Amino acid sequence: MEASLKNKRYKKIIVSSPTNTTIQRCYACKNVCNSSQPSAEARFFCRWCKSECVSVVTSRTTPYLCSTCHNVSIPTLGQEKSREVCGICSQVKKIGTKFFKHGYPDNRNKIGTLLSREAPSSKALSSSSSSFPGRHSKRAVLCGVSYTKMKFKLKGTVNDANNMRELLIKNFKFPNECIRVLTEQEKNADLIPTKHNIMESLRWLVKDCQAGDSLVFYFSGHGLQQPDFKEDEIDGFDEALCPVDFIKEGMIIDNDINSTIVWPLKSGVTLHAIVDACHSGTILDLLYVYNLERNIWEDNKPPSKEPIRKHTSGGVAICLSACEDSQSANDSTVFGGKGMNGVLTYLLAKAIREHPQITYGALLDKLQIEIKKINRSRCRSSILQRIFHRKIVQDPLLSSSEKFDVSTKIFAL
């Protein structure tokens, strides 16, 4: 991974059009920038990312696109420079070592969509389109990563994604065309849960969100921790999700997830993230974590000296994780039926189907009780079963961008 951003970061691309449009793309964050000052060296800051662009300008009307929130803007230049910065985004600096590889997601095929302000998409997706007919207030991205060609493959993640999809449609009235499912069983290459595809889907999830929207991000797969190089974690570790190609392309760390789907949430928009993975407790880097034993919200704000953005743009983000940051999540076959299931996913779906008006607090209690039942049933099993089935040690964790009364607020997606 690169230790710092390169000084010369912009590549000029000439696009044939009546206005002789000139577009400059940032190598670091893949933003597309422009200037309206003709035939001169322009220095201006990206309206959305705060990156400074230095280039020769040959056009008066050139849009530029932010890779984080996908807003297209045209800067207004004075005699020397324009200083338009985004009210939503700010640049996330990348610091790391050769042992941990993660970076800005690859945003390809953008140029053809800039003038229409549409989200980039290389192909139409089979389970849902990037711009679906009409506009629905519910949208979801479900990822089930099995790592089928690797030694550490998982057996229950596809079952989990299908279970969650059925729950969203039957219990929460999500339109089928507004649910994007990524698994390794998909025939469409854009729906394989690679790092690029997952990040593209996350941007699609929050694109043009409006008041009243309900958004869901679900992930079942491996989760890991790595040293926190930005010093914005209380425990000194970043949490990360593992796409199917994470060994080659790197993990998706909590900082990137936060900037991609938490920052853009406008007032009136609600995002739920349900993450059935190891070390996923604070995977969205939200400001508050609920302590079930003490029944209080605890502060999870970044401890770094420099101000670091972790909040929304007025909306609400809520995350239910399979376990705390230091714990591991489990698959299990004790539920019956075919194949394996993630413990959190199965118990969550079961609780909601049995108690449609369950509160967040009651849901947390129910999950804890059911996990204890599983462990007691294993203790009563035979000696061989006790040898080959270890005890489940995971405490589901609730985090949020703002505090609320878990005893009265109904769990609703």
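The model is predicted: local features need pLDDT of at least 70, side-chain atom pairs count only at pLDDT 80 or more, and totals for chains, interfaces and linings use all residues. Residues are numbered from 1 along each chain as its sequence is written, and side-chain values use heavy atoms, with hydrogens and water left out.

Let's start with the sheet. Eight strands form an open sheet with mixed pairing, in the order β10-β9-β11-β15-β18-β21-β16-β17. At its edges lie β10 and β17 (296-299), each of which pairs on one side only. From one strand to the next, the twist averages 20°. Strands here are DSSP E runs of at least two residues, and helices are H or I runs of at least four, numbered from the N terminus; two strands pair if DSSP finds at least two bridges between them. Strands β16 (residues 288-291) and β21 (residues 397-400) pair in the antiparallel sense over two bridges, and V289 stands opposite S399 in β21.

Angles run from 0 to 180 degrees between N-to-C directions, with axes as lines fitted to C-alpha atoms, for helices over the stretch in contact.

| Helix | Strands touched | Angle |
|---|---|---|
| α2 (residues 195-206) | β9 (138-144), β10, β11 (214-220), β15 (270-276) | about 165° with β9 |
| α5 (residues 343-354) | β11, β15, β18 (316-321) | about 130° with β15 |

Now for the single residue. L182 is found in strand β10 (residues 179-183). L182 counts as buried because its relative accessibility is 0% (buried is under 20% relative accessible area, exposed over 50%, partly exposed in between; 1.4 Å probe, protein chains only). Leaving aside neighbours within four places in sequence, its contacts include V141, L142, I192, N197 and I198.

Technical notes:
Contact = heavy atoms within 4.5 Å.
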